[in-house]
Structures are given as structure tokens and as C-alpha cells.
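Hi everyone, thanks for making time for this one. I'd like to walk you through a structure, so let me put it up on the screen.

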Amino acid sequence: MSARMFMQNLFNGLTLGGLYALIAIGYTMVYGILRLINFAHGDVFMIGTYLAFYGVTLMLLPWWLAIVVAIIGSAAIGFLIDRVAYKPLRESPRISALITAIGVSFFLESFAVVVFGGIPKSFLKIIPNFLKKIVTIGELRIQVLTFFALAIIAGLLVLLLWIVYRTKIGMAMRAISTDIPTTALMGVNTDTVIGFTFALGSALAGASGIIWAMRYPQIFPYMGFMPGLKAFIAAVFGGIGSIQGAMLGGFILGMAEIMIVGFLPQLAGYRDVFAFIILILILSFKPTGIMGKKLTVKV
Amino acid sequence: MPMEKRLSTKTKIYLTIGLIIVGALLLWGSNYWLESYGQRILKLIAVYGVLAVSYTFVNGITGMFSLGHAGFVAVGAYVSALLTMSPMEKEMSFILEPLIWPLNSIQTDFLTATIAGGIAAAIFAFAIGYPSLRLTGDYLAIVTLGFSEIIRLIALNAQNITNGALGLKGLTEYTNIWWAWGWLLITVVVIASLTYSSYGRALKAIRDDDIAAEAMGINVFKHRLLAFVVSGFFAGIGGSLYAHLLTTIDPRPTTIGVFLTFYLLIMIVLGGLGSITGALIGAALFAILSEWLRIFESNITIGSITIKGIPGMRMVIFSTLFVVTMLVWRRGIMGMEEITWDKLYNWLLRFRKKGQTAEPEPKRGDVDE
């Protein structure tokens with residue numbers, strides 16, 4: 001692989017990793033609090049892209065406003081999913097909530113097929129022209145979109161860290177992930193905080209979906225499945241429950257995926273397999289991930 | 001509470017044999033009463049039944065949450081399909097890359113192919129279960145889901161074995177009523193005997209509390225692995241029946257991918273997680289409902305007005321039903337109960353008593369002090 005190709009892949013890997021990181025944060029925050037794999041998270045990612053798509057094509061909004069509206073819409077959907085499907089099951093066995101989450105994911109996908117149609121739609125119209133331009137740095141040819149995506153991802157990650165570590169609601173989120181009943185005794189409305197966590201994670205997933213659709217401009221109802229699974233793997237890799245871990249895991253996974261395909265192009269058909277192999281290895285040898293805390297079972 | 005009456009083992013055996021004979025006669029009669037559409041649904045019920053019962057053995061009875069069942073179905077389907085196709089057909093289908101030796105030159109009958117499919121799936125189940133069954137709960141769910149997706153991706157990419165995205169088409173429709181229901185009978189008998197043996201009690205102990213089970217001296221890992229392999233075997237059998245019912249098999253997610261696992265999950269959750277008869281009821285309901293709900297997807301004409309059908313509506317209805325079941329009626333139709341001869345007998349007795357004597361049942365508080 002030439003140096004130019006390597007640099008190109010480096011940028012691709014960084015962007016893909018950033019997108020995984022944005023989704024993974026939603027998984028890790030919810031898992032940290034409820035010990036629940038929110039299977040529907042990948043589908044919020046998909047719904048976010050459709051909201052942006054229809055915001056521009058149907059509501060005729062300017063592209064940036066459509067994106068903002070879509071992100072707010074994703075947050076609302078995440079909040080709603082928690083209220084309708086997960087909140088009634090807080091006291092029941094964990095596995096029931098997991099099965100429900102699978103049902104919700106399945107519902108969102110089939111709902112999207114009915115409402116949006118099963119045929120892939122082109123997202124190209126939504127991308128403003130200046131983002132499609134190509135910058136040449138030396139021998140390197142990079143789309144403006146890549147820089148835009150990286151800037152947005154970095155901005156969102158910083159914003160998230162600020163919310164979690166510098167605001168009151170962030171403090172409540174961190175408290176709740178340690179112990180829900182005790183936090184409730186301290187006068188925190190735990191349901192509001194959990195709802196906020198879902199909304200925050202879903203907003204990031206929606207944003208990630210829109211950037212994803214700009215880079216791979218085809219949207220379809222099942223587009224969230226694979227990125228969602230991989231982002232979950234990234235969250236496990238980084239240590240589930242840890243936000244910095246999810247970010248790190250996302251970047252490592254995205255980079256590894258691009259680089260492996262870059263170095264061994266004959267394996268391109270199997271690129272989705274790597275993530276699962278990483279997952280199995282991690283869970284077998286270091287189930288707490290890179291930055292996770294060890295959970296012990298009390299008998 | 002009246003004493004539950006029990007039937008003797010001998011009576012139960014006679015009743016079971018009687019039921020099988022009556023069932024067989026009904027199936028034989030269906031050749032004359034039902035047209036091919038109805039027979040197809042009947043076959044589909046049996047194939048779903050095999051898959052759902054084998055799935056509930058892992059998810060309901062052993063309490064492991066696997067999401068990888070479709071992977072084993074895929075293995076069984078591909079292996080058996082490759083064995084029943086004639087060398088000529090294979091040469092015609094594999095246009096992009098020829099099939100590797102020795103698969104390109106062998107052909108077996110349907111029974112051998114089905115059993116081979118089951119064994120291949122069981123081997124896969126062992127290979128997957130061995131590294132992953134030390135995990136529990138949601139991690140196991142994700143890992144098994146990952147493995148089934150890997151199997152599907154291999155089916156998509158291993159051009160010289162599975163014919164890639166084209167899949168295997170034009171299989172002979174070997175799955176007739178007798179094969180389908182015969183295999184269902186074998187599956188139910190084997191899984192039920194395992195469930196009601198000391199081995200099955202160990203599995204249920206693991207389901208209810210794996211740490212306590214371990215403390216009682218049950219080798220949790222070994223039992224889980226064995227249950228996984230048995231379930232994988234019948235998933236492979238079901239896969240073979242499934243492939244030879246559809247007459248085509250391809251690596252789309254809806255055929256052998258994660259959606260198939262979802263469908264099976266819907267069946268066993270509706271029927272009651274942990275019940276074999278529940279899984280059967282769930283499978284039958286799913287097969288019948290998914291045909292019946294087709295009316296929502298096709299155009300309906302009432303007089304001169306045509307209501308346009310909405311494609312994909314069936315799955316919206318199924319998933320809504322599924323989520324609602326989980327939220328308000330988590331035990332499903334059967335819960336962890338089974339329909340047994342004893343229960344039917346007691347139910348019949350109570351029914352008759354009610355019919356004969358019209359006296360009202362004593363209310364609470366009426367009892368003399």
C-alpha cells in the first residue's frame with residue numbers, strides 16, 4: 001500500500017471510527033444505567049437519516065435546518081422508546097427487557113419499510129454542493145465532507161463530555177449509573193434522567209446516521225442494523241459503561257476495519273466478520289474491555 | 001381445591017398412540033380435503049414447529065438467550081440442498097465459479113441429506129458453543145447473533161460452495177406432509193424426553209439459577225453445551241425441511257439471517273417461553289397468521305372501491321403484537337406450562353361436573369366457621 005493510499009485510509013478509518021463512536025456512546029450510556037442492550041439504537045440511527053431526507057425533500061427545509069430537526073426528532077424517538085417499551089419493564093428480569101428491545105428494533109424496521117418504502121433512497125440531494133468538492137493536499141485528494149464530518153464528530157464528542165462531566169444532569173447520569181435507588185433517595189427524578197440519557201444517546205445516533213448517509217449516500221430501512229451491532233461491539237471493546245471507552249473502541253474498530261480491508265483487499269467481502277471476531281476474542285479474554293469496571297455477581 | 005386426578009402411564013401411552021394415529025389419518029385426509037395452498041400451510045406449520053421447538057430448548061428450557069438459531073438453520077439448509085441436488089443441476093447453477101470437489105459429484109436421498117444437514121449444524125453448534133457458552137445473558141445474545149451473521153456472510157462470499165448471492169435454486173420439493181410432520185414428531189419426542197429426564201431438570205435448574213445449580217454439583221457449561229448441540233442438530237434438520245419446502249435457499253437476511261431468528265423468537269414468546277407445546281402453538285399461529293395477514297398487503301376490492309395493500313404490513317403487525325405481549329402478557333399463551341394428558345383429563349372432569357350439577361360454586365367467605 002502506497003503512502004498516499006495509507007493516508008486516504010487513515011482519514012476514512014478516522015471518520016468511520018468517529019461514527020461508530022457516536023453510536024457506541026448511546027449503547028454504553030444506556031447499558032451503564034439499565035444493563036440493557038438497546039437493540040433499537042441502530043434503528044434510531046436509520047430513522048434519523050430518513051427524518052433529514054424528508055426534511056429536505058418533503059418539508060423543503062434548508063439542509064442544515066433539516067439536520068438539526070432530524071437530530072431533535074431522533075432524540076424524541078429515543079425518549080419515546082424508553083417511555084413506551086422499557087419503562088414498564090424496569091422491575092422485571094433483564095432478559096425480558098432485552099427481548100422487548102429486539103421487538104422494538106424489529107418494529108421500527110418494519111415500520112420504516114411500510115412508511116418510507118423498502119427500496120433504497122439516494123441521499124445525494126441532501127448533501128450541499130460545497131461538501132462534495134475535493135481538496136488536493138499534495139497527492140492526497142480528500143472530499144470537504146470528510147473534514148466536515150470529522151469536525152462535527154469532534155464537536156459532538158466534546159459537547160457530550162461537557163454535558164456528562166460539567167452539568168447537573170450529567171452528574172445525575174453518572175450517579176444513576178452507580179446506583180439507581182440511592183440516587184432516587186437523594187431527590188433525583190430517575191425516570192427523567194433515564195429518559196434524558198436515551199434522548200442524548202439517540203440524538204448522537206441520529207447525527208451519526210446523517211453523516212453516515214452523506215458518506216455512503218443510500219438509505220434503506222435496515223441500514224442501522226450492521227453499524228448498530230458494530231458500535232455495540234466497539235462499546236464492549238472499550239469497556240461497556242465507560243463513555244471514553246466507547247469513543248476509543250469506536251475509533252479502534254473503525255480504523256481496524258478500514259486498514260484490514262486496505263491491506264488485504266481480497267478479504268473485503270468478509271469485512272463485517274472482523275468486528276465479530278474481535279468481540280468474541282474480547283469477551284473470552286478481557287470481558288471488561290479496555291476501560292471497563294469489573295462487575296461481580298452477588299449471590 | 002379438588003385433588004388433581006392422574007391417569008396411569010399405560011393410559012397415557014395409549015392416548016398418545018391414539019393421538020398420533022388420528023393425526024396421521026387427518027394428515028392423510030388432508031391430501032383430499034385441502035388444496036395445495038392449505039397443504040403448504042400445513043407443511044409450514046410443521047417446519048416452523050421443528051425450528052421453534054429446537055429454539056425453545058435453548059432459550060426457554062435452558063434459559064440461554066441465543067440469537068443464532070438462523071445460522072444453524074442455514075448450515076442444515078445448505079448442506080442438505082447440496083446433497084440432494086444432482087451433479088447436473090449443480091453444474092447448471094454454479095455459473096460464476098464451479099462447485100468444489102467432492103460436493104460436485106455426490107448426490108444422496110432426502111433422508112440422508114437431512115440427517116447430514118442436522119449433523120453439520122450440530123458440529124457448528126459445538127464449535128460456536130464451545131467458545132461462547134461461558135458467557136451469559138445479553139453478551140451471549142450478541143455473540144450468537146454475530147456468529148449467525150458470520151455464517152450468513154460466509155454463505156454470501158464462499159462462491160465455490162454456496163453459489164454466493166445467487167443461492168441454490170430449483171431444489172426438488174422433497175418436503176411433503178409426511179417428512180415435515182414425521183420430523184416434527186421426532187423432534188418433539190426427543191426434546192420432551194430430554195426435558196423430562198434428570199438431564200432436563202438440570203437444565204431447568206440452570207435456567208432458574210445457574211450459580212445455585214453449579215453449587216449443587218451440576219456442570220453448567222457441559223449441560224449448556226449439550227443443549228446447544230441438540231438444539232443445533234434439530235435446527236439443521238429444520239433447515240433441510242425449510243430449504244426443500246421453499247425449493248430455494250439464498251443468503252438474504254430474510255431467508256436465513258437474523259429475521260428468521262426474529263420470527264422464531266416471536267413464535268416462542270407468543271407461545272410462552274419455556275413450553276414445548278407453547279412453541280408448537282406459537283409456530284402454528286405464526287404460520288397461519290402470516291398467511292392470513294397477507295390480505296393487508298394485497299389490494300382489496302369491495303364493490304368498485306379498491307383499497308391499496310401495504311407491503312410489509314404483516315411484519316408491523318407481528319412486531320407490535322410481540323412488543324405488546326412482552327409488555328402486558330409476558331407469560332404468553334402457555335407460560336412455562338405444558339398441555340399434558342393429566343391436565344386435559346382434569347379439565348374435562350371439571351367441565352363435566354359443572355355441566356351436571358347446576359349448584360353454584362361456594363364463594364369465598366361462605367365457608368362455615
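This is a predicted model: local features need pLDDT of at least 70, side-chain atom pairs count only at pLDDT 80 or more; totals for chains, interfaces and linings use all residues.

Now a second salt bridge in chain A, between D272(A) and K230(A), at 2.6 Å from N to O. Why does this pair tie together separate parts of the chain? Because D272(A) sits in helix 12 of chain A and K230(A) in helix 10 of chain A, and the two are 42 residues apart in sequence. Both D272(A) and K230(A) are buried.

Over in chain B, have a look at R224(B) and D210(B). Their salt bridge has its closest N and O atoms 3.5 Å apart. The pair connects distant parts of the chain, with R224(B) in helix 11 (residues 220–246) of chain B and D210(B) in helix 10 (residues 210–215) of chain B, 14 residues apart. R224(B) is at 9% relative accessibility, so R224(B) counts as buried. D210(B), at 26%, counts as partly exposed.

Back to R90(A) and D82(A) for a moment. Through shared partners, salt bridges join D82(A), K87(A), R90(A) and D191(A) into one network. Over all chains, the structure holds 15 salt bridges.

Next, the place where the two chains meet. The contact draws 45 residues from chain A and 41 residues from chain B.

How many salt bridges are counted between chain A and chain B? The count is one. The partners are R94(A) and D138(B), whose side chains meet at 2.9 Å, N to O.

Which elements of chain A give two or more residues to the side that touches chain B? They are helix 3 (63–86), helix 4 (94–116), helix 10 (225–238) and helix 12 (271–285) of chain A. Helix 4 of chain A supplies the largest share, 16 residues. By residue type, the side of chain A that touches chain B has 34 nonpolar, seven polar and four charged residues.

On to the rings. Over all chains, the count comes to 30 aromatic pairs. One to find on the screen is W63(A) with F148(A): their ring centres are 6.1 Å apart and their planes are at 65°, so this pair is edge-to-face. W63(A) lies in helix 3 of chain A and F148(A) in helix 6 (residues 144–166) of chain A, so the pair ties together parts that are 85 residues apart in sequence. W63(A) is partly exposed, at 24% relative accessibility, and F148(A) is partly exposed too, at 23%.

There is also a cluster, in which ring pairs link F106(A), Y222(A), Y48(B), F259(B), F262(B), Y263(B), F286(B) and F318(B).

Last stop, the backbone. R35(A) has a positive phi, near 55°, in a residue other than glycine. You'll find R35(A) in the loop between helix 1 (3–34) and helix 2 (41–57) of chain A. With a relative accessible area of 28%, R35(A) is partly exposed.

In chain B, N163(B) is not a glycine either, and N163(B) has a positive phi of about 65°. Where does N163(B) lie? Look in the loop between helix 7 (159–162) and helix 8 (177–195) of chain B. N163(B) is at 2% relative accessibility, so N163(B) counts as buried.

That's my tour, and I'm happy to take questions.

Key: Residues are numbered from 1 along each chain as its sequence is written. Chains are lettered from A and ligands numbered from 1 in the order in which they are written. Side-chain values use heavy atoms; hydrogens and water are left out. Contact means heavy atoms within 4.5 Å. A salt bridge is a side-chain nitrogen of Lys or Arg within 4 Å of a carboxyl oxygen of Asp or Glu. Helices (H or I, at least four residues) and strands (E, at least two) are DSSP runs, numbered from the N terminus. Ala, Val, Leu, Ile, Met, Phe, Trp, Tyr, Cys and Pro count as nonpolar, Asp, Glu, Lys and Arg as charged, and the others, Gly among them, as polar. Rings of Phe, Tyr and Trp (its six-membered ring) pair if their centres lie within 6.5 Å; planes under 30 degrees apart count as stacked, over 60 as edge-to-face and the rest as tilted. Buried means under 20% relative accessible area, exposed over 50%, partly exposed in between (1.4 Å probe, protein chains only).
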